[in-house]
Structure formats: structure tokens, C-alpha cells
Amino acid sequence: MPLPIATGVEIPDHELSLSFVRSSGPGGQNVNKVATAAQLRFDLEHSGVLTPAVKARLRALSGRRLTAEGALLIIARNHRTQEHNRREAEARLADLVRRALIAPKRRVATRPTRAARERRLEHKARQGRSKRLRSNPRWDD
């Protein structure tokens with residue numbers, strides 16, 4: 001079943017790889033015997049679902065979770081069961097992709113108005129005058 005991300009965006013199963021490894025977290029003696037930590041691998045480079053711009057933003061967001069091969073690796077080991085860890089890994093991947101889908105707003109360069117520049121210069125002059133008045137008088141004055 002594909003992983004739903006947002007409206008109209010789903011990651012197909014063939015682009016996801018899920019494996020379970022032994023975990024170091026809660027579970028007592030259970031952690032020594034059962035592989036409950038979920039490793040979810042999403043091949044970002046070869047994904048046909050996401051646009052190149054979204055892939056670039058996802059690369060920037062993923063940080064150290066991105067492997068040298070260009071795959072996104074999410075490890076979930078907070079829970080005691082495989083099912084809970086699988087759900088958590090899928091939720092974390094969906095959250096990352098959702099955040100990457102939002103394009104940042106472009107900053108529109110603006111210039112200060114003439115009045116704002118004049119106010120700034122007047123304030124600087126006033127500050128300079130008040131500091132000059134606080135200083136000790138020089139001997140040549």
C-alpha cells in the first residue's frame with residue numbers, strides 16, 4: 001500500500017525499503033533477542049514521484065539521514081514493537097516530505113524610504129551630540 005504524504009502525493013511501495021534490526025532502547029532482555037528497530041529507506045535519487053525542486057529541498061532538510069547513494073534512511077527505535085516503529089518511521093518520512101513540498105517564499109528586495117533614511121541619520125546625529133556632551137571637556141576648548 002503506497003505511503004500517503006499529502007493531497008495528491010503518495011510514495012509507491014517499490015520506492016520504499018523496510019528492514020528490522022536489533023534495537024538499543026526500551027525492552028529489557030527482549031532487545032537482545034528481537035529485531036524491533038525499523039530502518040526505512042527511500043531512494044530519493046531515483047524517485048519518480050517528487051519534482052527536482054522538492055528533491056533538492058528534501059536533501060537539504062534530511063541532513064545526516066541522507067546516504068552517499070542518495071537514499072534517505074530513517075531509523076525508528078523508540079518503541080518495543082516492530083509495528084509501532086514502522087509506523088513512526090513512515091510518519092517521520094511523511095513529515096519530512098510534507099515540509100519539503102512547501103516552497104519557500106521568495107524575498108522581495110526593498111529599499112528604505114527617504115524619510116526613513118533621514119530619520120536614521122537624524123537619530124545618529126542626536127546620539128552623537130548627547131555622547132559628545134557627556135565627555136570631559138578637552139584642554140584646547
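This is a predicted model: local features need pLDDT of at least 70, side-chain atom pairs count only at pLDDT 80 or more; totals for chains, interfaces and linings use all residues.
Let me begin with the overall layout. The chain has three helices and five strands, and when we read from the N terminus on, these elements run β-β-β-β-α-β-α-α. The radius of gyration of the chain is 28 Å, whereas the globule rule gives 14 Å for 141 residues, so the chain is more spread out than a compact globule. If we turn to the principal axes, the C-alpha trace spans about 90 × 40 × 25 Å along them.

Among the contacts with a separation of 6 or more, 56% are between residues 24 or more positions apart.

Now to the interior. In soluble globular proteins, nonpolar side chains tend to be buried together. Here the largest nonpolar core has 20 residues, and those that touch the most other members are Ile11, Phe42, Leu50, Leu58 and Leu93. Which elements give two or more residues to this core? They are the strands β1 (3-6), β2 (9-11), β4 (37-43) and β5 (71-76), together with the helices α1 (52-62) and α2 (82-101). The largest share, six residues, comes from α2.

Phe42 deserves a moment of its own. Leaving aside residues up to four places away in sequence, Phe42 touches Ile11, Glu15, Leu16, Ser47, Leu50, Leu58, Ala71, Leu72 and Leu93.

I would next like to look at Gln39, which is placed in strand β4. Its contacts, again not counting residues up to four places away in sequence, are Ser17, Leu18, Ser19, Val21, Leu73, Ile74 and Ile75. Gln39 and Ile5 are 34 residues apart along the chain, and their C-alpha atoms are separated by 18 Å.

Thr36 sits in the loop between β3 (16-21) and β4. Is Thr36 buried or exposed? Its relative accessibility is 7%, which is under the 20% cut-off, and therefore Thr36 counts as buried. Beyond residues up to four places away in sequence, Thr36 touches Phe20, Val21, Ser23, His79, Arg80, Thr81, Gln82 and Asn85.

With 47% relative accessibility, Pro4 counts as partly exposed. When residues up to four places away in sequence are left out, Pro4 touches Val9, Glu10, Ala94 and Arg98. Pro4 and Ala91 are 87 residues apart in sequence, while their C-alpha atoms are 9.7 Å apart in space.

Definitions and conventions
Residues are numbered from 1 along each chain as its sequence is written. Side-chain values use heavy atoms; hydrogens and water are left out. A nonpolar core is a set of buried Ala, Val, Leu, Ile, Met, Phe, Trp, Tyr and Cys residues joined through side-chain atoms within 4.5 Å. Buried means under 20% relative accessible area, exposed over 50%, partly exposed in between (1.4 Å probe, protein chains only). Helices (H or I, at least four residues) and strands (E, at least two) are DSSP runs, numbered from the N terminus. Contact means heavy atoms within 4.5 Å. The radius of gyration is taken over C-alpha atoms; the globule rule is 2.2 Å times the number of residues to the power 0.38.
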